[in-house]
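Subject: Structure handover

Hello,

Here is the structure I promised you. Please open it and keep it beside this email. My notes on its disulfides follow.

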Amino acid sequence: MKKLILALAFVSAPLAAQDLAQPVAEGGQVETTGTQDSGEDAEGGLTFTVTDENDWSDLSIAIPGFAADRDVDTPANSRGTAALGVEIANVITSNLENNGLFRPIGPNRLPQPEFAQITDPVWGSWRGRGAEMLVHGYVRARGDGRLVVGCYLYDVALQDELVREGWVVPPADWRRAAHKCSDIIYARLTGESPFFDSRIAYIAETGPKDRRVKRLAIMDSDGANHRFLTLGSATALTPRYSPDYSQLLYLSYVDGNPRLYVYDIGTGRQTLVTQTSNPTFAPRWSPDGRTILYSMAVAGNTDIYSVPASGGRSVRLTDTPGIDIGGSYSPDGSKIVFESDRSGSQQCYIMDADGTNQRRITFFGGRCANPEWSPRGDQIAFTRIAGDFNIAVMSPNGRNLRVLTSGWQDEGPTWAPNGRIIQFFRTERNSGRSALWQVDLTGRNERRLPTPVDASDPAWGPILP
């Protein structure tokens, strides 16, 4: 296939014209530290990987409040380190409960352990409560204002410590310590990669159905620390986090035309991806963050292009008549899955990253849209359109189709960093209202993610660096 080189360079865009809210920092540095009474390294995770998609057994996990060596004031909350320890345990409980794999019991239903019991549990008490696993932890305020959070996981029946870890965090980032504790528990008990310490970008929607205001927003994986990044005077769509979380790639109608911008989250600086009068949309990062994939409509024909993230010339990857859109890289960056109507209907195709070896992979009836490659590389999620819109997955060769949802209009799948959960947005019939939902690969554990306003176009970032 002949590739066309286009002289479409990155250009800096004036901030005043870009509909931006005040820039916000993406959080402080989280350091790993030794835990209470320990100079040992934490034990590694299990040596196997769970690969089947059946329901896992409910595992009872007791998560009492984290203890404080002394209850002192902290900027993290208004009630001191002891109350913060309970809040951390509540976040961990919620994380483990919402993924559908465990049966956690939170601090409101459990006795509060003393600080000395964190490394010396009262085993008989926890066995009597039917707990199979026990999570203990502590919070300690340092002289420099930062917090030390320790996390321990115990097997109650074996009276054995499975893992211990500790982190030093700025007070504003205490929730990250809770997510990291959730991650090591999840990874140790399942053998799977973690996903709680990650963030989500999405489009926040307000206003009546025929005059929706669509703003760029970001939040933690559980919906906390929510922030609006744009003011809403220009419609924003399809945000995508860069692999290092420093930038967001998204579509904006700031000048009345759909064009792609890279937004630096720390500085608020915007960069226009391509200087062109043609509509550009459907942006994606490459796994290494060095390349941006996008679609551009020229004279009624839409094709997929790539451009270096550092700036330079664009390369046209597709050149067939019709609409080619929505590319998503495989985890190793060697291939791209995309949708095209070149066969007469909306279907999914795969090509090499340089645009060669294009081939159709969906032949199961209905249409295929919004494909996204799993971080594990073993599956592709997509919107299956067969009457209703539903979230489905398939193997990269187009086989092993499984439909996971049964809503009226479920679309826009995006993977959790570990490849076991898919987030999407669901639109209510007749109202036009939409919300973010999650479903795991069994299709049985489905939940709505809380957002302050209606939501669409989610994009789940990787584990935070």
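The structure holds two disulfides. A disulfide here is a pair of cysteine sulfur atoms within 2.5 Å.

Some background before the details. This is a predicted model, where local features need pLDDT of at least 70, side-chain atom pairs count only at pLDDT 80 or more, and totals for chains, interfaces and linings use all residues. Residues are numbered from 1 along each chain as its sequence is written, and side-chain values use heavy atoms, with hydrogens and water left out.

Start with Cys 151 and Cys 181. Their disulfide has an S to S distance of 2.0 Å. The link is right-handed, with 60 degrees about the S-S bond. It connects distant parts of the chain: Cys 151 sits in strand β8 (residues 147-155) and Cys 181 in helix α3 (residues 174-190), 30 residues apart. Helices (H or I, at least four residues) and strands (E, at least two) are DSSP runs, numbered from the N terminus. Cys 151 and Cys 181 are both buried. Buried means under 20% relative accessible area, with exposed over 50% and partly exposed in between (1.4 Å probe, protein chains only).

Now go to Cys 348 and Cys 368. Their sulfur atoms are 1.9 Å apart in a disulfide. This link is left-handed, with -80 degrees about the S-S bond. Again, distant parts of the chain are linked: Cys 348 belongs to strand β23 (residues 347-352), Cys 368 to strand β25 (residues 367-373), and they are 20 residues apart. Cys 348 and Cys 368 are buried.

Last, the pattern. Number the bonded cysteines of the protein in sequence order, and the pairing reads 1-2, 3-4.

Best wishes
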